[in-house]
Amino acid sequence: MDHVAEEVMTTATMATPVQATAGFAHAFVAALSVIIVSELGDKTFFIAAIMAMRHSRLTVLTGAVAALGFMTVMSTTVGYAATIIPRAYTYYGSSLLFALFGLKMLKEAWAMAPDEGQEELEEVSEELSKKASELSGGSDLEGGNASGGAVEPSSLKWSRMLKVVSPVWIQAFTLTFLAEWGDRSQIATIILGAREDPIGVTIGGTLGHMLCTGLAVVGGRLVAQKISVRTVTFIGAIVFLLFAASALIIGPG
């Protein structure tokens with residue numbers, strides 16, 4: 001009996017790395033696919049595309065990816081914190097949310113106009129132009145304000161920071177982070193963090209953001225105009241619904 005017990009323990013120990021690898025791979029693919037279908041044609045995509053046409057592509061790319069990577073780590077951590085709840089609840093609860101997201105995306109895609117992407121592109125372009133004019137209007141940070149008064153200490157700190165970090169990088173980071181906050185892809189990452197391997201979710205999600213942002217930066221306006229937001233939204237809805245349906249087949253174990 002002891003010999004049989006030892007064999008069982010050995011088999012269980014050998015299976016653990018395989019299960020861990022499969023869990024990582026599933027989380028990686030899930031996060032990568034969900035982020036790609038969520039981010040293509042999204043506001044953060046257009047921000048990167050338009051800024052890359054006006055500034056250094058590398059600066060815009062690193063600033064946007066840094067913001068998205070930080071958001072991914074933070075969202076995955078929030079989701080992983082929910083693992084203190086029994087796995088069955090988080091697993092089926094997250095699957096229900098995926099189903100609701102998928103149905104909502106189907107409804108949005110059905111109601112979208114064919115030129116939805118072009119309207120979003122123009123809206124983001126106007127917003128960035130306003131931001132640029134605001135920054136140029138507040139450029140008197142070092143020599144005093146327009147009336148000749150002393151510069152506020154906070155302005156001096158901001159001026160020193162601009163000497164170390166590119167203003168374009170800060171703008172790309174800030175605009176991307178704010179646009180991503182509360183976005184569908186952030187909520188999806190939190191959900192995945194609660195049901196999948198957190199390392200796989202973090203790496204897959206970050207890579208998905210890098211691919212989408214890289215495409216936006218390299219392709220610029222041409223890519224943004226060619227993308228059918230309606231079609232991408234339909235595809236995204238199907239992906240979300242497939243992940244929801246997989247819960248009924250795979251199960252929390």
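Modeller: A salt bridge here is a side-chain nitrogen of Lys or Arg within 4 Å of a carboxyl oxygen of Asp or Glu. The side chains of K104 and E108 meet that definition, with N and O 2.4 Å apart. Before going further, please keep in mind that this is a predicted model, in which local features need pLDDT of at least 70 and side-chain atom pairs count only at pLDDT 80 or more, while totals for chains, interfaces and linings use all residues. Residues are numbered from 1 along each chain as its sequence is written, and side-chain values use heavy atoms, with hydrogens and water left out.

Colleague: How many salt bridges are there in the whole structure?

Modeller: The search finds three. Through shared partners, K104, E108 and R184 are joined into one network. The side chains of E196 and R195 also meet in a salt bridge, at 3.4 Å from N to O.

Colleague: Why are K104 and E108 separated by about one helical turn?

Modeller: Because they are four residues apart in helix α4, K104 and E108 are separated by about one helical turn. An α-helix has 3.6 residues a turn, so residues three or four places apart point the same way.

Colleague: And are E196 and R195 buried or exposed?

Modeller: Both E196 and R195 are buried, where buried means under 20% relative accessible area, exposed means over 50%, and partly exposed lies in between (1.4 Å probe, protein chains only). K104, by contrast, is partly exposed at 46%, and E108 is partly exposed at 24%.

Colleague: Which residues have the most contacts inside the largest nonpolar core?

Modeller: They are I47, M51, V124 and L128, in a core of 19 residues; such a core is a set of buried Ala, Val, Leu, Ile, Met, Phe, Trp, Tyr and Cys residues joined through side-chain atoms within 4.5 Å. Helices α2 (43-54), α5 (116-137), α7 (167-180) and α9 (198-226) each supply at least two residues of this core, and α2 gives the most, with eight. Leaving aside neighbours within four places in sequence, I47 is in contact with V124, L128, L175, T176 and A179. A second, separate core has 17 residues, including A30, I191, A237 and V239.

Colleague: How enclosed is α2, then?

Modeller: Nine of the 12 residues of α2 are buried, so this helix is largely enclosed by the rest of the structure. The buried ones include F45, F46, I47 and M51.

Colleague: What about α3? Which residues does T72 touch?

Modeller: T72 lies in helix α3 (residues 57-81) and is buried at 2% relative accessibility. Not counting residues up to four places away in sequence, T72 touches T189, V201, T202, G205, T206 and H209. V65 is another α3 residue, and its C-alpha is 6.8 Å from that of H209, although V65 and H209 are 144 residues apart in sequence.

Colleague: Last one: which residues form the nonpolar patch on the surface?

Modeller: Y92, L248, I249 and I250 form it, with about 500 Å² of accessible area together. Patches take residues with over 30% relative accessible area and no salt bridge, joining like charges within 9 Å and nonpolar side chains (Val, Leu, Ile, Met, Phe, Trp, Tyr) within 5 Å, and accessible areas come from the Shrake-Rupley method with a 1.4 Å probe, where for residues only the protein chains shown count as cover. Helix α10 (residues 229-250) supplies the largest share of the patch, three residues, and I250, found in α10, is exposed at 53%.

Conventions:
Contact = heavy atoms within 4.5 Å.
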